[in-house]
Structure formats: C-alpha cells, structure tokens
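Dear colleague,

Please find below the structure for your review. My findings follow it.

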Amino acid sequence: MAKRKALGSDPFDAVLPAARPAPVEARVDEASSTGAVRLGIRFDSDLIDEIRDAVVALSGPPHQLTVVGFVNEACRRELARLRNEANRGQPFPHRGSAPRRGRRVSGA
C-alpha cells in the first residue's frame, strides 16, 4: 500500500510540486502591449531586500517608486555610464544573437 503524504499547513503541498527558484539564465517572455518585456533574473538576497526597503519607504508622493521603476532607472543610468566610459557615449552595437550562456566572457 502506498504511503500517503501528510498534509502540512498548505494542503496544496501534497498535490503540487515544490516551488523551484528561477533558472540562473534569464528568461524573456513576449513583449506586452506597452512594449515592456518580462525578464526573470536572480538578485542577491541582501540587494533585493535593500531595494524593497527603499521602494516601500519611497512609494508615496512625491517619488511613488516601484521595484520595476527602480530597476529600469538603475539600468538606464548604468548603461549611460558604460556608454560614456567604454564606447565614447555611443550606443553599443546591436547583438547578432542572444548572449551566450555559461561562463562570463573574459576581457583577455
């Protein structure tokens, strides 16, 4: 006779697989009607905690900050900095394909 799985605090635990963390490589979903694209990435837990704390503290007027807005603005600023520092202020060339998975590309 098969042994039954005991029910815990959530009865769905017995019938649904445990949640798995997002894969290390990014997952990009289709673009929405607003032109936004969903990108699943991992953050260091201490960094995301600090981002969430800042967003909650600044979610009201005048900032009305959201996590998405925070990440978008941070990425825009970092891209501008990298363009100025490494590409004479010009946009980076468009990639011919998706970035390679695996080890980081070395500078050597």
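Predicted model: local features only at pLDDT ≥ 70, side-chain atom pairs only at ≥ 80, totals over all residues.

Glu 78 forms a salt bridge with Arg 81, in which the closest N and O atoms are 2.6 Å apart. The two residues, Arg 81 and Glu 78, are 3 residues apart in helix α2, so about one helical turn separates them. Arg 81 is itself partly exposed, with a relative accessible area of 39%.

Arg 81 has a further partner, Glu 85, and the closest N and O atoms of this salt bridge are 2.6 Å apart. Here the spacing in helix α2 is 4 residues, which again places Arg 81 and Glu 85 about one helical turn from each other. Glu 85 counts as exposed, at 58% relative accessibility. Through the partners that these salt bridges share, Glu 78, Arg 81 and Glu 85 are joined into one network.

The structure holds 3 salt bridges. One of them links the side chains of Arg 77 and Glu 73, with an N to O distance of 2.9 Å. Arg 77 and Glu 73 are 4 residues apart in helix α2, which spans residues 67-86, and so are separated by about one helical turn. Arg 77 counts as exposed at 58% relative accessibility, whereas Glu 73 counts as partly exposed at 34%.

Asp 44, Asp 46, Asp 49, Glu 50 and Asp 53 form a negative surface patch. Of these residues, Asp 44 is placed in the loop between β2 (37-40) and α1 (45-57). Asp 44 counts as exposed because its relative accessibility, 54%, is over 50%.

The peptide bond from Pro 61 to Pro 62 is cis, and its omega is near 5 degrees. Gln 64 lies in the loop between α1 and α2 as well. The phi of Gln 64 is near 45 degrees, a positive value in a residue other than glycine. Gln 64 counts as exposed, at 52% relative accessibility.

A positive phi is also found at Arg 88, which is a residue other than glycine; the value is near 55 degrees. Arg 88 lies in the segment after α2 and is exposed, with a relative accessible area of 80%.

Finally, some figures for the chain as a whole. The chain contains 2 helices and 2 strands, and along the sequence they follow the pattern β-β-α-α. How much of the chain is made up of buried residues? Of the 108 residues in the chain, 4% are buried. The accessible surface of the chain comes to about 10,500 Å², and carbon and sulfur atoms account for 54% of that surface. Among contacts between residues at least 6 apart in sequence, 5% join residues at least 24 apart.

With kind regards

Note on methods: Residues numbered from 1 in each chain as written. Heavy atoms only, no water. Patch = residues over 30% accessible without salt bridge, like charges linked within 9 Å, V, L, I, M, F, W, Y side chains within 5 Å. Areas by Shrake-Rupley, 256 points an atom, 1.4 Å probe, with all protein chains shown as cover. Salt bridge = Lys/Arg side-chain N within 4 Å of Asp/Glu carboxyl O. Lys, Arg positive; Asp, Glu negative; His and termini not counted. Charge placed at Lys NZ, Arg CZ, Asp CG, Glu CD. Buried < 20%, exposed > 50% of the residue type's maximum accessible area, 1.4 Å probe, protein only. Contact = heavy atoms within 4.5 Å.
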